[in-house]
Amino acid sequence: MSTAGGHHPTMPHRHDRRRYDLLASGFVYLATALFLAIGALNSQNNLLFWAFGLAVAGLIVSGIVSGVPLMHLELEREPPPPAHVGEQITLRYRLFHRGRLWPLFGLRICEIAENQDQSALIFSPDGIAHIGPHDCVRATAPALPRMRGVHSICTVCVSTTFPLGLVRRSLYFDLPARIIVRPAVAPLRKEIASRIVPGREDSTRSLARVGHGGDFFGLRDYAPGDPVRTIAWKPSARRDTLLVRQQTTPAPPRLWLRLEQPPADISEQQFENAVALLASIIVHASRKGLAPGLVIEWADVSLPPALSPAHAERLLDTLARLERRDKAHKSRARTRADLVVSFTPSHEPGVISDLDPAHWAAEHIVTVLPMADRPRRTRGRT
Amino acid sequence: MNLPGQQNRLGLLLVLATITTYCVADGNLVLFALSAPAAVAAWFLSAPPLGRPMPRPVINLLLLGILAYTLHRVIRTGFDISTVCEIITLTLLVKLLDRRSQRDFGQVVSICAYLGIGTILTSNSFLVGIMLIVCLIILVLTTLVYQTSLAVTTRGELPRRPPAGRHAVRQLRNLAISMSIAGMIVSVIVFLLVPRRLGSGLFGTWGNPAAGQVTGFADEVELGTPGFITPSAMPVLDLQVFGPDGQPLGAPELVYYLRGAVLDVYEDGRWIRSPDAFERGLRHRINSALEPKIIGPSPIHWTIEQRITLRNVTQARSHLFAIWRPVAIQTLQPSVIYAATDTGTLLREGDGGKFEYIVRSRDFEPSRSFAREGQPAAVDPVTAENMDTARFIALAGQILTNAGIDPDAARRRPSQIERAAEAIARSFDVGFEYTLEADLVPPGIDPTEWFLFEHKAGHCEYYASAMALLCRAVGINARVITGYVATEFNEASSHYVVRQSNAHAWVEVETAPNVWKSYDPTPSADFMRLHEPSQSLLAQARRLFDAAEFLWIRNVVSFGAERQESLFRSAFNINWNPDRAVEDLVRRMRNRQPRQVIQLVAMTAIVSAVGFLVVFLSWRCRQSSGRALRSILRNWWLRILPKRDAQIIYRLFCRELARRGVPKPASVPLLTHVESNAHRLGREQALVAASLARVLYRARFDAPDSASLDECIRQWNLFSRSV
């Protein structure tokens, strides 16, 4: 996640602009007030004069009660978490009411996406019932990412129609931020998952750090509690002190993944499905204890295998930023991949190739990224 | 914060309060008995989680039923405010059955608000005013809760306990109360400022409160029927009595007879007004009450002034009430007044509802010489088809003979007329019983004869009729007066409350030509029993309520242009009469030449445009102009401070840094803090801030002189202007 703009994202921020919209109920209210005024002047009925006075008072008091405290509102948005396509994320806010006297009621908070990201992210507004003077309230607003990529969110709008519902007063806070939307991830089908196995040379590798592997790492002084069978007797005899043998850490089995360059004749949807499939394989491999590595030569991506949650997220972030039109700036040595996601129909062992993600993953992906150019498949069909 | 629970409770309370208020205003007990339980039932039938809204087809059928009922009512009784309010009430009940989402709840609140407006148009009584204020507070609270819950509503459903800050309920309640109080204050200011009389009657009678005849008063007395004598305690009018010096004259032991109708013709048991009564009188059209209109004989010497407020009168011609003999009248509302100078009868035509007027009367007749004026003409005994006139003549003669007065009118001295009338009036003290029960008069006999010679029991109309007939039987001119007696003096408000039960009938006897004196033949013991105010706890409480209602009527309902003008003159010493200003403007416009009118219009347009431009630019540049103003004031303040110290600018600088999102910790030096937060402030701001920090250091530690301070102020202005 990165931020842009001049405002620090973790500091409470005052509004940048505000707006007032007269609602339909406000029009009705004004018409009723006019009606009362005409009736009062026509009939000289003093209770109608009083009712007209109340209508005017409603306008004035409504403006003061909601307009004045709203000016003392400050907002802070927490950094948006990374998201996956089709999985709802929660944007978190903290609202500070710096006013001393009037409380705030009935606030509605929502994100306003930039024009190009309106269809990529769907934001739902959230409501806050009350913020007292000198009080701080946390709020959350759900968002549903619909497209992979790095999307910008810019403005947070806090609005209220309190107290009488005549005018909507909105405050706009410019808090630019980016949301990384990773590809959709879904559990793989058993027959596909069974193909995800480490390469043949993986059993002989080990890492150069202390562990429980089979290779010798070194010797150290005996410490009380060390198993007796780990004592290296001969070196101990030579040094005249007890020494303990240390083993190396066995290296996790590695899984090199490659995404082939998409041909020009496939659709964007098919490309997205392939990326989603790759992301699902990465997550699946990480859960199985494999160290996934990713190589995409045509996009200048080469991330060696490692087994850690951070590494898996790095791979997914790379996939999130991957664009079909990316080009390599320099040539790399071609790495032999264990699993290739190809766009060419093939049934060779070790090569996964099918253009329909429903064939590989669960229905979840199909739901998020429906295939527009072919009939929807039923679950379980191969 | 249990928003759904509060919303439900307040909503139900609002519905019941508005329905009750309207039914009280309209006096419609049937509607209340039907709609209040129906509203409660509908509320619980449609309230989640147990209840469900009615299906749409049923709702549509009910709406069609309301439409049919509306057409029926409009065709049958016309389009009046009562019909409109009934339709609003029925629509509210249907809407209660159709609550599916939060939006529907908002519509219920809106309908309640419109029912409140209908209630205002229905009645302007004090009780309704109090109930409306209560409804207003509930309406404000309900609206606040609704608007609060609207923000946290998702897909039309309200979460049970939405997130809220501390003390939410308490602060919401306080806000509602403060909003209500502030709204009341603003509405009172608007109420006082809005010009009266401006635009009156432009759209007919629209907006007038529904009026009804609560006086139960008629131009005739028909014996043998209950008449207008009723034990109802409903107030009819309020009376204040003043002397010529402006001092109030009312007292608990003083009783005033307020004359209404003067009935001088007796036909078949009915006392009616003579047909040519108003041809003999004067007719005044009084559009405004700048000066009292003289309606009596001149020269005018009045001794008693009555300020009377009729609570509710019809739009048709109706009686006004006054103490004998009215000589001048002043009304505070446009109306047509008919005044008969010989009988002192006053009639009015105008808008219905409350009517306020001032009558000045002369409650004594000037001393006259009977030798000069002569004696009143003798009248013939009244004859009727079923009446035995001889019995009346015999009885009256016997009464006068017993009193030592000659029954023969020709031989009787004029000075004996008063004694004779008094003797006849007191002849009913023994042997007669006062009762409000209207027994059936046997057929073929005159009701007065039946009362006088056989039944000997009846109410004041019988007594008055019998005395008038007996007086006429011995040649004394007499007439029956119907009106009210003011006996209930409210010491809290120094005014008399006259109720329907105070309706009374008595007799006036002509003691000299065109000189009439009142006599009350009703036995004084019965009169006191009937009209003496009760001293019970309930009656005392009612008197307090009456005092408050009198103040409400006098200060709110009757607040007019004159009172508005006098209020502003006494409070602010200004003449507040915009209606006259408009009239003057119109008159001047009419008198001017077209060229001058065009010039005036053009000048007005230019001034308006310039004013609009100034307001618009001020609004657009309000932030920058406000900032500039603040800067000027701050500089001025810094320069006039007796102790000019850089520490003040240091504090201002720290405050501004905190406002811009980089508060300075106490442990970090200023320059270090500014430099370390340069990336947050931005390049230009950071440079200016660092420069200011250095200057501040210099002014404080190196050269604390005036030049350094001026440099501080200059740098501070630069920083405060940098964005």
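How many bridges join S1(B) to strand S5 (residues 270-272) of chain B? The number is 2, and the two strands run antiparallel.

The views below show a predicted model, in which local features need pLDDT of at least 70, side-chain atom pairs count only at pLDDT 80 or more, and totals for chains, interfaces and linings use all residues. Residues are numbered from 1 along each chain as its sequence is written, chains are lettered from A and ligands numbered from 1 in the order in which they are written, and side-chain values use heavy atoms, with hydrogens and water left out.

**View 1. An open sheet of 3 strands in chain B, in the order S1-S5-S4.** Strands (E, at least two residues) and helices (H or I, at least four residues) are DSSP runs numbered from the N terminus, and two strands pair if DSSP finds at least two bridges between them. The pairing in this sheet is antiparallel. Strand S1 (221-222) and strand S4 (265-267) of chain B are the edge strands, each pairing on one side only. Opposite Val221(B) stands Trp271(B) in S5(B).

**View 2. Helix H12 (residues 460-473) of chain B lying across S1, S4 and S5 of chain B.** The helix runs at about 75° to S5(B). Axes are lines fitted to C-alpha atoms, for helices over the stretch in contact (heavy atoms within 4.5 Å), and angles run from 0 to 180 degrees between N-to-C directions.

**View 3. Strand S14 (residues 254-259) of chain A and its parallel partners.** The chain crosses from S14(A) through helix H5 (residues 268-287) of chain A to S15(A) in a right-handed β-α-β crossover; right-handed denotes a clockwise path from the first strand over the helix to the second, with the strands pointing away from the viewer. S14(A) pairs over 5 bridges with strand S15 (residues 291-296) of chain A and over 3 bridges with strand S17 (residues 339-342) of chain A. Leu257(A) has Leu294(A) as its bridge partner in S15(A) and Leu339(A) in S17(A).

**View 4. Strand S16 (residues 478-486) of chain B and its antiparallel partners.** Because 9 of the 9 residues of S16(B) are buried, this strand is largely enclosed by the rest of the structure. Strand S3 (residues 256-263) of chain B pairs with S16(B) over 7 bridges, and Ala261(B) has Thr482(B) as its bridge partner. Another 7 bridges join S16(B) to strand S19 (residues 503-512) of chain B, where Glu508(B) stands opposite Arg479(B).

Methods
Buried < 20%, exposed > 50% of the residue type's maximum accessible area, 1.4 Å probe, protein only.
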